[in-house]
Amino acid sequence: MTIITDEHCTGYSRAGHPERPQRITTAVERLKSQTELPLTWTTPTSVADEQILRAHAPEMFARLDKPEDFDADTPFFENIAGYARASVAASLDALKLARAGQNVFSLMRPPGHHAMREKSMGFCYLNNIAIATLEATATGARRVAVFDFDVHHGNGTEDILLNQPGIEFFSVHQHPTYPGTGAENRGRNCFNYPVGPGTPRLTYRAKLAHALDDLRSFRPDLVAVSAGFDAYLRDPLADGPLLAEDFHWLGQTLRALNVPLFTLLEGGYSRDLRELIFAYLKGVEGK
Ligand SMILES: [Zn+2]
């Protein structure tokens with residue numbers, strides 16, 4: 001398992017904001033102090049503007065340099081464009097490593113799945129997974145599945161990947177909750193699996209299994225995963241029921257697809273985030 005991370009991704013923060021640098025630093029500490037999983041560590045390389053512009057409008061991309069908040073949840077930070085680019089670069093590196101046969105996890109911030117073609121929102125500035133998926137199909141992948149298990153709908157990913165050839169998007173999320181979308185399927189290729197707040201754990205898990213069955217029947221040659229750990233029982237931002245063992249099961253189930261796979265961190269705001277990530281990685285590694 002290769003972990004892509006960079007201490008520089010902890011260089012921006014706003015007091016009281018849940019998407020905070022400690023999400024990464026505590027996960028790095030946890031993963032470095034364990035001996036069960038052999039890990040290789042690497043830092044992100046770079047991304048070309050053309051790769052970003054497959055997913056985002058030029059005006060939206062230019063807007064990242066304008067010192068003005070994007071919305072109430074998504075502040076402007078000095079050099080946020082640089083941080084967002086590094087997170088995108090990590091997603092492209094993850095794609096490359098997956099194609100080379102490795103298991104890989106991008107442990108970076110900012111997350112990306114709410115970033116729309118024309119708008120940064122929901123703690124997300126550029127859509128890491130959509131950019132990596134479009135890179136994959138532009139460079140030979142024929143059937144790419146994107147699986148998003150963050151408790152919030154991947155509205156940005158859906159917006160960018162809607163009806164893109166060779167791509168199917170599967171999102172399991174709470175509804176209604178932020179950002180309010182994802183109640184129904186969209187287009188030819190965006191499949192939504194909404195789960196009501198307060199849904200019991202086994203029902204939630206059955207919904208995840210259902211989405212993964214549908215994903216399997218697409219017969220992807222590559223799977224990109226938006227891993228949000230905020231459907232966790234004790235997450236402060238949503239009302240999900242999942243436990244660490246469920247994230248372990250998700251990792252195992254994705255591993256069992258037996259298809260090149262890369263995973264990017266999205267949400268997850270509880271103090272246990274590090275344990276949830278570790279459980280997921282163990283599942284992906286078959287431990
Ligand atoms: Zn989320």
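Trainee: Why is N79 called partly exposed in this predicted model?

Mentor: The relative accessible area of N79 is 47%. Buried would need under 20% and exposed over 50%, so N79 falls in between and counts as partly exposed.

Trainee: What is the phi of N79, and where does the residue lie?

Mentor: Phi is positive, about 65°, although N79 is not a glycine. N79 sits in the loop between α3 (58-63) and α4.

Trainee: Why is R219 called exposed?

Mentor: R219 has a relative accessibility of 59%. The cut-off for exposed is over 50%, so R219 is exposed. R219 also has a positive phi, near 55°, and is a residue other than glycine. Its place is the loop between α7 (201-217) and β7 (222-227).

Trainee: Which peptide bonds are cis, and what are their omega values?

Mentor: One joins R109 and P110, with omega about 0°. Another runs from H175 to P176, with omega near 5°. P110 is in the loop between β3 (104-106) and α5 (128-138), and P176 is in the loop between β5 (167-174) and β6 (190-195).

Trainee: Which residues is F262 in contact with, leaving aside neighbours within four places in sequence?

Mentor: Among them are S91, A94, L95, A98, V104, A132 and L222. For each, heavy atoms lie within 4.5 Å, so the pair counts as a contact.

How values were computed
Residues are numbered from 1 along each chain as its sequence is written. This is a predicted model: local features need pLDDT of at least 70, side-chain atom pairs count only at pLDDT 80 or more; totals for chains, interfaces and linings use all residues. Side-chain values use heavy atoms; hydrogens and water are left out. Helices (H or I, at least four residues) and strands (E, at least two) are DSSP runs, numbered from the N terminus. Buried means under 20% relative accessible area, exposed over 50%, partly exposed in between (1.4 Å probe, protein chains only).
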